Structures are given as structure tokens and as C-alpha cells.
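Here's a quick tour of one model, from a helix pair to a core and a strand residue. Have the coordinates open as you read.

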Amino acid sequence: MVPDEIMKHIHALDQWLEHLGRTSKTHTGLSVEERKQLQTVNKAAEQLQRAGVSVPEDLRRLKLQLSARDVGGSQDREVESRLKALEKVMHALGKTTKMARTIRDKLRSTGQGGGTKKYFGIELRDLLQAGVLSIKDRMELQWLKDGPVLKGKLRGDGTVMVKTPDGWQ
């Protein structure tokens with residue numbers, strides 16, 4: 001199960017990505033036809049200038065109007081910066097995932113080496129009182145390494161009931 005603190009961060013990333021998706025759709029630039037028209041006007045103006053002919057005022061005005069509405073260049077830069085930001089987030093998440101797997105693997109291997117047992121002075125009753133455990137929690141108990149796994153449940157006084165073939169004891 002994922003801790004609440006991590007879930008908050010995941011939710012914040014989801015919202016950020018959703019926001020990026022919404023804002024990138026709010027493009028108010030030129031339509032495909034207008035973009036083609038602007039390219040044609042630019043090409044015609046360049047050809048006239050190369051030929052030494054002055055560009056008609058109507059053509060200049062049309063080019064100016066279309067160019068003023070063309071936000072594709074700034075939008076491309078914005079998309080590029082957002083992609084770079086996403087790549088950084090993905091790289092950081094990759095490193096975090098790798099670190100989490102390493103910690104998980106260390107935790108899985110802890111206690112399986114058969115080392116010296118340690119006593120920390122904490123009883124089940126203390127965990128119940130602290131709210132870490134509840135009497136609704138169920139346990140799996142195993143006294144011997146290769147022995148049977150028994151079901152267990154916690155009682156309010158901190159003792160454990162074990163379900164054996166003879167019933168709960």
C-alpha cells in the first residue's frame with residue numbers, strides 16, 4: 001500500500017499533467033488554411049523582392065495580419081519547455097522508483113539471515129494503544145521456519161488468539 005504522503009505527490013503530479021494537457025489545447029493561432037495562405041504570401045513577397053518589384057500594399061497587410069495571429073512559434077517553444085520539464089520529472093521518478101525498489105529489497109531481506117534476535121521493549125498492547133494495530137487486524141503466525149502458518153487475531157488486552165485445528169486458543 002502506498003503511504004498517504006506519496007499519494008499526495010502523485011495526485012499533485014496528475015493535476016499538473018492534466019493542467020498541461022488542457023492549456024496546450026487552447027491554441028488560438030492560425031487554422032491550417034490560414035497557415036498555407038501565410039506561406040503562399042511569404043513566398044510571393046520573396047519572389048517579388050528578388051525580382052526587384054515592390055510588394056503590393058494589400059499583400060503586405062495580409063502578411064502582417066496573418067503573422068500577428070500566428071502564435072505557432074511561441075507555442076512550439078512552450079511545448080518544447082513543457083516536454084523538457086516532463087522529461088526531468090520522468091527522470092526524477094525513475095530515480096525515485098529505483099531507490100524505492102532498493103529499499104523494498106533490503107526490507108524483504110531483513111531478518112531472513114537468521115541473525116541474533118533483538119528485543120526492542122515494545123509489546124503488542126503498546127502498538128494497539130498507539131493505533132498502529134487494531135483488534136480488527138488479522139495476522140499470520142509461524143513459530144518454526146518451515147512450520148505451518150496459522151491465522152491470528154489481536155485481543156484488546158494485547159494478547160493473540162490463534163486458530164488451530166482444535167479452534168481458537
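## The α2/α3 pair

Helices α2 and α3 sit oblique to each other. This is a predicted model, and in it the axes of α2 (residues 32-50) and α3 (residues 57-69) come within 10 Å and cross at roughly 135°. As for handedness, α2 passes α3 in a left-handed crossing.

Who touches whom? On the α2 side you'll find Glu34, Gln37, Leu38, Val41, Asn42, Ala44, Ala45 and Leu48, and they meet Leu59, Leu62, Lys63, Leu66, Ser67 and Arg69 of α3. By type, the residues of this contact split into eight nonpolar, three polar and three charged.

## The nonpolar core

Now for the largest nonpolar core: five residues, namely Leu128, Met139, Leu141, Leu154 and Val162. In soluble globular proteins, nonpolar side chains tend to be buried together.

Take Leu128 from that set. Setting aside neighbours within four places in sequence, Leu128 is in contact with Leu133, Ser134, Ile135, Leu154, Arg155, Gly156 and Gly158. One of these, Leu154, is a core member too.

## Lys151 on strand β2

Lys151 belongs to strand β2 (residues 150-154). Is Lys151 buried or exposed? Its relative accessibility is 57%, so Lys151 counts as exposed.

Lys151 still has partners beyond four places in sequence: Met139, Met161, Val162, Lys163 and Trp168. Of these, Met139 and Val162 also feature in the core above. Trp168 is 17 residues away along the chain, with 9.3 Å between its C-alpha atom and that of Lys151.

Notes:
Residues numbered from 1 in each chain as written. Predicted model: local features only at pLDDT ≥ 70, side-chain atom pairs only at ≥ 80, totals over all residues. Heavy atoms only, no water. Core = buried A, V, L, I, M, F, W, Y, C linked by side-chain atoms within 4.5 Å. Buried < 20%, exposed > 50% of the residue type's maximum accessible area, 1.4 Å probe, protein only. Contact = heavy atoms within 4.5 Å. Axes fitted to C-alpha atoms, helices over the stretch in contact; angles between N-to-C directions. Helix = DSSP H or I, 4+ residues; strand = E, 2+ residues; numbered from the N terminus. Parallel < 35°, antiparallel > 145°, perpendicular 65-115°, else oblique. Left-handed = near helix turned anticlockwise from the far one by under 90°. Nonpolar A, V, L, I, M, F, W, Y, C, P; charged D, E, K, R; others polar.
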